[in-house]
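Let's take a friendly walk through a protein model together. Please have the sequence and the 3D view open, and follow along as each part comes up.

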Amino acid sequence: MCHYHRAALALYLHPRLIRTRTASILCKSMKHHLDWSSYKTAGQGDAYAGIPATGGDFAKAVAVCISDKLCQRTPKGVMCPSFRATDDVAHSPGGRVVVLKAALNGELGKDAFADPGLAAAMELCVGCKGCKRECANQVDMAAIKIEYQAQRNAQRGVSYRDQLVASLPEWLHHRQAARALIHWRNRTPWLARLGESLLGISAKRQLPEPSVAAYSAPASHSVAEATDRDVILFVDTFAMHFDPEIAQAAHQVLTAAGYRVTTLQPSAYDEEPERALCCGRTYLSLGQVEAARREACRLQAALRPALATGTPIVGLEPSCILSLRDDHLKLGLGEEAVKLSKQVYLFEEFIAREHDRKRLSLDLKPLACGKTLVHGHCHQKAVGAMKSLRKVLRLIPEFEFEFIEASCCGMAGSFGLEAEHAEISMRMAEMDLLPALRAAPDATVLANGFSCRHQIREGVDRQAIHVALLLRDALDAESSC
Ligand code: SF4
Ligand code: SF4
């Protein structure tokens with residue numbers, strides 16, 4: 001039975017959990033779901049590192065925290081949205097490390113990854129990577145949470161909700177049925193309530209609705225004849241099924257800038273050639289590492305010719321593209337994954353890079369937008385990609401914009417849609433983002449993240465745009481936002 005059918009069964013079955021894997025054993029040679037070998041020497045020889053007794057290299061990744069409590073300071077920085085929203089050090093990165101260390105030291109018993117105390121510590125981590133960027137020792141709690149979730153899934157099974165959400169790229173393949181169901185659910189309170197009681201999806205939240213038609217790629221060229229004006233456009237699940245106009249705009253802008261754009265298609269050997277390619281992000285963030293690896297392998301196979309010719313790969317969704325550069329290196333996919341991580345760019349990074357190299361010929365005109373407020377996706381901020389965005393926005397003549405100082409918007413993939421997290425998700429959005437938007441009611445809003453745009457729509461009923469749409473509009477004289 002495929003994920004789609006299994007998830008559909010959830011409408012009829014209870015309880016919420018099924019067991020899908022045998023439990024892994026917590027011991028010195030603990031089975032890891034991610035590859036933590038890059039931490040092999042972390043803390044080695046440091047008497048104060050406090051490396052836990054079990055967990056191998058994963059334990060060393062946890063032990064890079066030096067307990068300086070920087071993440072628990074007030075006034076709070078933007079490091080940890082869950083700490084900021086709860087005012088509780090237990091929900092700071094350092095607070096989580098304390099419980100993880102206890103688990104890996106055997107203090108929570110042999111089924112430590114199923115322990116409610118550890119679940120409580122990890123529950124509100126939204127995987128924003130703020131700690132990786134801001135903490136002095138770059139604790140990567142977002143990756144640690146993926147391993148934790150995978151371990152927990154192995155012990156407790158995967159909830160129907162997590163199966164349903166993670167397999168989004170699969171069931172969106174049946175897009176007309178999916179679209180009709182979501183459309184009906186969003187307009188039918190009793191159905192939304194049923195979804196909440198059976199699956200735990202908040203009835204108070206609207207679900208993003210797939211677009212009428214998926215993105216359809218224009219005719220492409222063979223990368224075997226690649227030139228230095230070729231680019232590969234990777235259209236992720238969200239752009240493909242929800243916001244195809246963003247992919248169309250990116251194609252149009254790159255073409256206008258003089259590039260030969262090829263939209264990435266599944267490889268000739270793909271077992272599901274009709275299904276769109278996906279980076280596996282939805283699986284990964286819910287700890288379904290095997291499924292994420294399967295999606296990553298499909299993507300890698302499709303990219304093999306581009307990797308061989310060195311053709312730049314350009315994508316649109318920060319969480320997808322930056323996964324390829326970061327989390328995918330922990331999937332054990334070998335040298336090709338490393339090569340891909342160095343060859344993949346966010347759309348704005350590619351435009352900024354080409355501009356710096358004096359290879360860009362984009363004839364951009366002023367836009368009648370007024371001031372634009374820019375909300376950066378957490379992962380864009382975590383890798384310092386906001387600089388590129390700033391650079392690209394400056395290419396538009398007379399363009400007036402301002403970056404919003406905010407941490408995670410609180411949607412964080414499906415986190416904000418979960419019944420038990422819907423309220424705190426909105427609290428995170430209310431810390432900085434939504435007040436800043438309300439203070440400028442007429443401003444255009446730019447947000448490159450799919451989840452961020454959804455949270456903004458839910459919070460202040462405004463439609464944020466992707467930078468690709470903005471640049472496309474700026475190609476036309478006297479266009480507005
Ligand atoms: S997570 Fe980072 S900032 Fe927080 S206590 Fe540990 S080292 Fe310090
Ligand atoms: S990833 Fe984000 S939410 Fe999780 S601990 Fe780090 S800063 Fe906090």
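## Charges over rings

The charged end of Arg 294 lies over the ring of Tyr 283, at 5.6 Å from the ring centre. A charge is said to sit over a ring if NZ of Lys or CZ of Arg is within 6 Å of the ring centre and within 35 degrees of the ring normal. Arg 390 does likewise with Phe 403, with its charged end 4.2 Å from the centre of that ring.

Before going on, a word about the model: it is predicted, so local features need pLDDT of at least 70 and side-chain atom pairs count only at pLDDT 80 or more, while totals for chains, interfaces and linings use all residues. Residues are numbered from 1 along each chain as its sequence is written, chains are lettered from A and ligands numbered from 1 in the order in which they are written, and side-chain values use heavy atoms, with hydrogens and water left out.

## Rings that meet rings

Searching the whole structure gives 12 aromatic pairs. Rings of Phe, Tyr and Trp (its six-membered ring) pair if their centres lie within 6.5 Å; planes under 30 degrees apart count as stacked, over 60 as edge-to-face and the rest as tilted.

How are the rings of Tyr 259 and Phe 350 placed in their pair? Their centres are 5.3 Å apart and their planes stand at 70 degrees, so this pair is edge-to-face. Helices (H or I, at least four residues) and strands (E, at least two) are DSSP runs, numbered from the N terminus.

Ring pairs also join Trp 36, Tyr 39, Phe 58, Phe 113 and Tyr 148 into a cluster.

## Buried or exposed?

Buried means under 20% relative accessible area, exposed over 50%, and partly exposed in between (1.4 Å probe, protein chains only). Here are some residues from this tour with their values.

| Residue | Relative accessible area | Class |
|---|---|---|
| Tyr 259 | 4% | buried |
| Phe 350 | 1% | buried |
| Glu 349 | 11% | buried |
| Gln 343 | 9% | buried |
| Ser 67 | 51% | exposed |
| Lys 358 | 75% | exposed |

Ser 67 is in the loop between helix 2 (56-62) and helix 3 (81-86). Its phi is near 55 degrees, a positive value in a residue other than glycine. Lys 358, in the loop between helix 18 and strand 7, has a positive phi too, near 60 degrees.

Glu 349 is part of helix 18. A polar atom of its side chain lies 2.8 Å from the backbone nitrogen of Leu 346. This is a polar contact (a pair of N or O atoms within 3.5 Å; within protein, one must be able to donate a hydrogen and the other to accept it, and residues adjacent in sequence count only if both atoms are side-chain atoms). Setting aside residues up to four places away in sequence, Glu 349 touches Arg 325, Ala 385 and Ser 388, where contact means heavy atoms within 4.5 Å.

Gln 343 is in helix 17 (residues 335-343). Which backbone oxygen does the side chain of Gln 343 reach? That of Thr 311, at 2.8 Å.

## Strands and cores

Strand 7 (residues 371-375) is mostly covered, with four of its five residues buried. Strand 7 pairs in the parallel sense with strand 8 (residues 400-403) over four bridges, and Lys 371 stands opposite Glu 400 there. Strand 7 also pairs in the parallel sense with strand 9 (residues 444-447) over four bridges, where Leu 373 faces Val 445. Two strands pair if DSSP finds at least two bridges between them.

The largest nonpolar core has 51 residues, and Leu 303 and Leu 437 have the most contacts inside it. Helix 15 (residues 289-309) gives the most to this core, with five residues. Such a core is a set of buried Ala, Val, Leu, Ile, Met, Phe, Trp, Tyr and Cys residues joined through side-chain atoms within 4.5 Å. Beyond four places in sequence, Leu 437 touches residues including Leu 373 and Val 445.
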